[in-house]
Amino acid sequence: MPKRATIKDVARLAEVSVTTVSLILNHKGDRFSKKTINRVRTAQASLGYVPDYFAQGMTTKATKTLGVLVPDITNPFFSQFSQGVEEVASRAGFIPLIYNVGTQDTRSTNYLQELVRRTVDGFIIAAPNVGLDIIHQYLDQDKVPYLLMDQSASDSGDRIIAGDFEGGQKATQYLLDHHHRKVAVILPRQHSNNIDKRLKGYQKAMINAGITVDSDWLIEHELTKKGGYEAAAEVIESRVSAVFAINDEMAIGLYRGLQERGKRVPEDISIIGYDNIEWCQYVQPQLTTIEQPIIELGRVATGLLLDRLKTPDAKPQTIKMATKLIERASVIDYQEVEQ
């Protein structure tokens, strides 16, 4: 095998010092002439030299990598969120390392610990099972920059939050405005911070309408299409006319479960979802939902983290992203159903 080119080889061919090569290749060569920069770049290309980021990390304490922890990469929400992360990270010369931590606390802790050990520059933590105690132990104490999503309040670190309470209230109010009074909500048994806020928004809208929520209207299954599918029998038994699905995946699963039991959407049961994933436009009828700006969430989160890397001592920021009702065809006025 041919010997791998080194930074010394580039310096020798370009007739400059190793320090000059290092500065130019790390985008810190503003003080050098264009001629010198071109000579170094030409030498790099000629030798096929690729910087060893692990070696760079030992010297500069920076590896140009970001750790991104998500609970379920198969969920279209997190696939689209990751697109936004990659878009901004790549423009800044960073590589995002995206890890699916599921719901296992041990897996998320192991990933966090290993990535810190491998000198990842910063973290985007979108997995609610990464507890604040773990974050404090592995990140705060070593001053590793991070950004939180869907986490409860924290005194340190930047945060991105969506208007989940308002979104849950908005979804429920839309059903109430269409004269539905028996409105169920399907949600997971274990509530993350953002899910809990959506539920509280639902409860607030029902209280404001003077409606007492029956216990049968709170239907708990896993936060997946399968969970929504399995909820269908309980939805029918509850005798509600409408359902607020706490995310679009559950709504899409509910579609199939209801269809297999001879129920039509929206003629028999209206459904509103949450997130506005791409699939909403490809089910029949198209799903009315509450939109989170998913890709933009990824972009903003990454931008905030990169800013934190530049100014580590700046005051922590919290940015709230608004939600929006996307009206399609899965909700019908209850008075029309009665006719």
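Is phenylalanine 123 buried or exposed, going by its relative accessible area? Phenylalanine 123 turns out to be buried, because its relative accessible area is 0% (buried is under 20%, exposed over 50% and partly exposed in between, with a 1.4 Å probe and protein chains only). The model is a predicted one, so local features need pLDDT of at least 70 and side-chain atom pairs count only at pLDDT 80 or more, while totals for chains, interfaces and linings use all residues. Numbering runs from 1 along each chain as its sequence is written, and side-chain values use heavy atoms, with hydrogens and water left out.

Phenylalanine 123 sits in strand β3, residues 122-125 (strands are DSSP runs of E, at least two residues, and helices are runs of H or I, at least four, numbered from the N terminus). Setting aside neighbours within four places in sequence, phenylalanine 123 is in contact with residues including Gly67, Leu112, Val144, Tyr146 and Leu305 (contact means heavy atoms within 4.5 Å). From phenylalanine 123 to glutamine 141 there are 18 residues in sequence and 14 Å in space, C-alpha to C-alpha.

Over in helix α12, residues 294-310, comes threonine 302. Threonine 302 counts as buried, because its relative accessibility is 0%. Residues up to four places away in sequence aside, threonine 302 touches Leu66, Gly84, Val85, Val88, Ala89 and Ile124.

Aspartate 214 belongs to the loop between α9 (193-208) and β7 (218-220). With 34% relative accessibility, aspartate 214 counts as partly exposed.
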